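Have the model open as you read.

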Amino acid sequence: QKDGYPHFMIKEIHEQPAAITRTITPRIKDMLPDFSEDAIADSFFENVSDITIVACGTAMYAGMVGKTMIQNRLHIPVTVAIASEFRYEEPVINEKSMVIVVSQSGETIDTLEALRLANKYTKKTLSIVNVKGSSIARESSYVLYTHAGPEIAVASTKAYTVQVASFYLLACKLAMTQQKISVEEARTFVGTLQEIPNYIEEVLAQAPDIEQLTKRMINANNAFFIGRGLDYTLCMEGALKLKEISYIHAEAYAAGELKHGTIALVSEGVPVIAAATQKHVYSKVISNIREVKARGAYVILLSKDKEITDPSICDVHINLPDVSDEFTIFESVVIFQLIAYYTSVGKGLNPDQPRNLAKSVTVE
Ligand code: F6R
């Protein structure tokens, strides 16, 4: 079943281009987002006062990307909530609030209970779920099934990218329905999304280089992921992946926050994985990276620059295919997944079955 790959995780990392294509294609008509096959009425996208996205772990990090994509277009409040917190809080939602729950398995108990709570306040509940007929899919008003196919490795990879791709289509649909973007803009956006699987293929071709550079990671006790904006949301996913399968303590920081405390932890040789793909904050991130480099960090930098050879910036530069800023995260996350995977394998661990973790968390 591993199709010649040594682990399910690496097989699933490589399945991402096909999984994204499978997920988005049925939802694109005439180059525009269309959810008629999911039987989601257009009225669902109208009269939305605010949106709450609820999930756990990697699904929640996908939600954070979704938040940025939606909020930047709709200019309404979008909140991301950790399901195990949300379900015990006083929800600030009403009948005009949309609640989007995200879950690969569709069975995560905290996410399910959060959905049940949300259902008491609004009919506008939508789940983004991978497993057909799962509890979360059954109990939400609408379901958008991702078509990642079965995900066997405990660490989520392809489920994340299809969740994010689904959010991109939703953001576009919401913005169109509420006349925040023109049909032309929507078509351009959808056209770029359709190209993403090709860009991911290009990134996957760099796997041998990534394997090489992780040799430098295996002995690390700590690692940091830094970025700003969308890159920062992605860093959270990168850090989680590294933690869960390589057992290296990893944290994500908004690059501008480093000097407010964390930089004290940066010492000689500490790996810092930095992403600088967002034009509007590029120079700021680069100066944050210089600060950690000056303190001896081993910096791996992801950017769309062809080449960075300045040793005061980074030790290793990973060039990402040139796609518009909002779409680079699909490329960076694949690099992050490969870093986690090869670090785990390099340490002699089994990335498919990390200690203490189960694929589906049905206990509270
Ligand atoms: C991390 C991972 C977990 C899940 C989380 C939610 O790689 O897989 O963080 O994302 O347990 O699971 P689902 O999406 O099934 O609700």
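## Ground rules

This is a predicted model, where local features need pLDDT of at least 70, side-chain atom pairs count only at pLDDT 80 or more, and totals for chains, interfaces and linings use all residues. Residues are numbered from 1 along each chain as its sequence is written, and side-chain values use heavy atoms, with hydrogens and water left out.

## Around the ligand

There are 13 residues around the ligand, and S103, Q104, S105, T108 and E244 come nearest (near means a heavy atom within 4 Å). By class, this shell holds 4 nonpolar, 7 polar and 2 charged residues.

Now for polar contacts (pairs of N or O atoms within 3.5 Å). A polar side-chain atom of E244 is 2.3 Å from a ligand oxygen, a side-chain N or O atom of K241 is 2.8 Å from one, and a polar backbone atom of T58 is 3.1 Å from one. On its own the ligand exposes 410 Å², and the protein buries 88% of that (Shrake-Rupley areas, 1.4 Å probe).

The ligand takes up the space of the largest pocket; a pocket is an open set of points on a 1 Å grid over the protein atoms alone, where a 1.4 Å probe fits, with protein on both sides within 12 Å along at least five of seven lines. Its volume is about 570 Å³. Of its 23 lining residues (an atom within 4 Å of a point), C56, G57, T58, K359 and V361 are closest to the centre.

Definitions and conventions:
Polar contact = N/O pair within 3.5 Å; in protein donor to acceptor, adjacent residues only side chain to side chain. Sits in = over half its atoms within 2 Å of the grid points. Nonpolar A, V, L, I, M, F, W, Y, C, P; charged D, E, K, R; others polar. Points joined across faces, edges and corners; volume = space filled by probe spheres on them.
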